[in-house]
Amino acid sequence: MSSLQFTEISPQDLDSFSASLPQGNFQQTSQMAAMRRSQGTQVEILAVKREGTVVAACVLETYHSRLSTFSVVHNGPLLDYHDEELVTFFFTQLQQRARKNGASQLEIIPETIYNLRNSDGSLMGDGFSAAGHDAGDDVPAASHDAGDGSSRPAISPVAFAREPEIATLEKLGFKHSGFTVGYTTIPRWRYLKDLSTIADEKALLASYSKNTRRNVKIAAKSGVTVRAIGRDELPIFHHLCELASEKQGFDNRPLEYFQALYDNLGDKAQFMLATLDLKYYLEQWEAKKQKAEAEIARLQALLATSRYPESVHKKIATAQKTLTACENRIARAHEYIEQDGTTVDISAAMFVWHPRQAFYLFSGSDEKYAKFYGPTALQHWVMTESLKRGLMSYNFYGIDGVFNDPNSQGHGVLEFKQGFQGYVAEMTGQFSVVLKPVTYAMKQIAHHLLGR
């Protein structure tokens with residue numbers, strides 16, 4: 001048996017380890033550990049070393065409340081789930097540490113895929129064929145030509161695991177929460193975009209659906225630009241998220257939460273706004289109007305000498321429709337300017353950078369300006385930036401896992417993400433183990449009596 005040591009490690013060691021594994025993700029970083037700690041959570045960075053080398057690690061969060069204490073690992077722990085000796089040792093030690101912290105229950109949400117699916121939710125072959133690997137294999141760190149003389153390392157978004165992981169954890173006392181659908185804080189269903197074969201922004205745009213390509217272009221031609229904001233503009237970000245939460249029926253995070261993310265994640269997080277320049281938009285349509293008026297005047301002058309007046313009349317009618325459309329948009333632009341000024345922040349999104357992948361976490365939009373496609377512009381920006389940073393994939397994060405019900409809560413979100421032509425990762429899900437049965441039972445009774 002090899003020598004295994006359970007220990008705490010430095011924030012820097014955690015970040016290095018997280019960056020080195022296919023499972024590495026933003027939740028398992030020192031920045032998110034600092035974020036949780038700033039919110040009053042007890043946080044420990046724990047690891048297992050084998051002969052001095054870190055082979056497993058996680059951020060263990062312990063939450064204390066009046067009714068109970070519980071521990072959780074979000075999107076982790078990070079380790080090879082097929083190394084049974086390591087898994088048994090680490091999780092045994094982890095349970096002991098959580099119990100020492102007073103936790104009656106330990107929850108883990110491994111960053112492992114159960115099935116890979118096509119954009120419509122159908123299985124990719126056996127669930128893993130799209131990656132070219134059997135269940136349990138990681139994507140090797142080969143390189144793909146980026147088309148510009150450089151290359152990007154082929155990094156899988158997450159490690160693959162299936163029944164062996166579930167069986168091993170169940171032997172250690174964990175109970176699997178099941179293959180659920182619906183939104184959860186840590187999404188079990190995720191939508192991703194493979195960037196490994198995309199060379200540049202032009203190729204990226206070409207990879208989208210026809211409607212999404214059109215929407216990216218409409219946003220740009222309408223004067224929508226994307227910009228990063230500082231802490232002082234987070235109230236704008238929060239307001240746009242609030243508009244979305246009211247429309248979609250979920251609770252928005254308080255402004256203080258976004259401020260804490262900004263403070264603790266530093267340059268690993270970017271709060272972005274899509275801003276509409278209505279003065280530019282108005283000028284574009286006024287120019288189109290002048291062009292349409294000139295075309296109508298030219299065609300009317302041509303009528304006197306034309307051998308085919310019917311054809312000219314048809315062209316005049318088409319030009320008149322264009323003129324009417326221009327006049328309508330100009331009138332609407334004046335209304336917008338009168339109501340909101342010449343520059344309007346129409347959409348917001350927060351992205352988190354990890355060495356292996358970019359993640360999309362929060363967003364909001366003003367429905368009044370939906371036809372300017374600010375959310376589409378923001379998503380196109382982050383994927384373009386991901387290419388520049390050499391990332392192999394982009395994680396749109398949560399969907400609800402329902403693909404065939406147009407009335408489902410998440411159908412609009414799914415359709416929006418599907419427009420970028422990605423794929424679906426169905427994650428393994430959540431596991432929990434009761435550490436103090438009596439305390440846990442009392443907590444359940446208390447929650448039942450309080451109606452929680």
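In which hand does helix 7 pass helix 8 at their crossing? I began my notes with this, and found that helix 7 passes helix 8 in a right-handed crossing, where a crossing counts as right-handed if the near helix is turned clockwise from the far one by less than a right angle, and as left-handed if anticlockwise.

**Ground rules.** I am reading a predicted model, in which local features need pLDDT of at least 70 and side-chain atom pairs count only at pLDDT 80 or more, while totals for chains, interfaces and linings use all residues. Residues are numbered from 1 along each chain as its sequence is written, and side-chain values use heavy atoms, with hydrogens and water left out.

**Helix 7 and helix 8.** I took helices as DSSP runs of H or I with at least four residues, and strands as runs of E with at least two, numbered from the N terminus. Helix 7 (residues 234-248) packs on helix 8 at an angle of about 130°, their axes 10 Å apart; the axes are lines fitted to C-alpha atoms over the stretch in contact, and the angles run from 0 to 180 degrees between N-to-C directions. The two helices are therefore oblique to each other, since angles under 35 degrees count as roughly parallel, over 145 as roughly antiparallel, 65 to 115 as roughly perpendicular and the rest as oblique. I listed the contact (heavy atoms within 4.5 Å) as Leu234, Pro235, Phe237, His238 and Cys241 of helix 7 with Leu255, Phe258, Gln259 and Tyr262 of helix 8. By class, these residues divide into seven nonpolar, two polar and no charged, with Ala, Val, Leu, Ile, Met, Phe, Trp, Tyr, Cys and Pro as nonpolar, Asp, Glu, Lys and Arg as charged, and the others, Gly among them, as polar.

**Helix 2 and helix 8.** Helix 2 (residues 30-38) packs on helix 8 (residues 255-265) at about 140°, with axes 9 Å apart, which makes helix 2 oblique to helix 8. The crossing of helix 2 and helix 8 is right-handed.

**Helix 9 and helix 10.** I found an angle of about 160° and axes 8 Å apart for helix 9 and helix 10, which are therefore roughly antiparallel to each other. Their crossing is left-handed, and the contact has 19 nonpolar, five polar and eight charged residues.

**A pocket.** The lining of the second largest pocket has 15 residues, of which Ile218, Ser222, Tyr281, Trp285 and Arg329 lie nearest its centre. Helix 6 (210-221), helix 9 (278-303) and helix 10 (309-340) each supply at least two residues of that lining, which divides into six nonpolar, two polar and seven charged residues.

**Backbone.** The peptide bond from Gly76 to Pro77 is cis, with omega near 0°. Asn75, in the loop between strand 4 and helix 3, has a positive phi of about 55° although it is not a glycine.

Methods: 1 Å grid on protein atoms, 1.4 Å probe; cavity = no way out; pocket = protein on both sides within 12 Å on 5 of 7 lines; lining within 4 Å.
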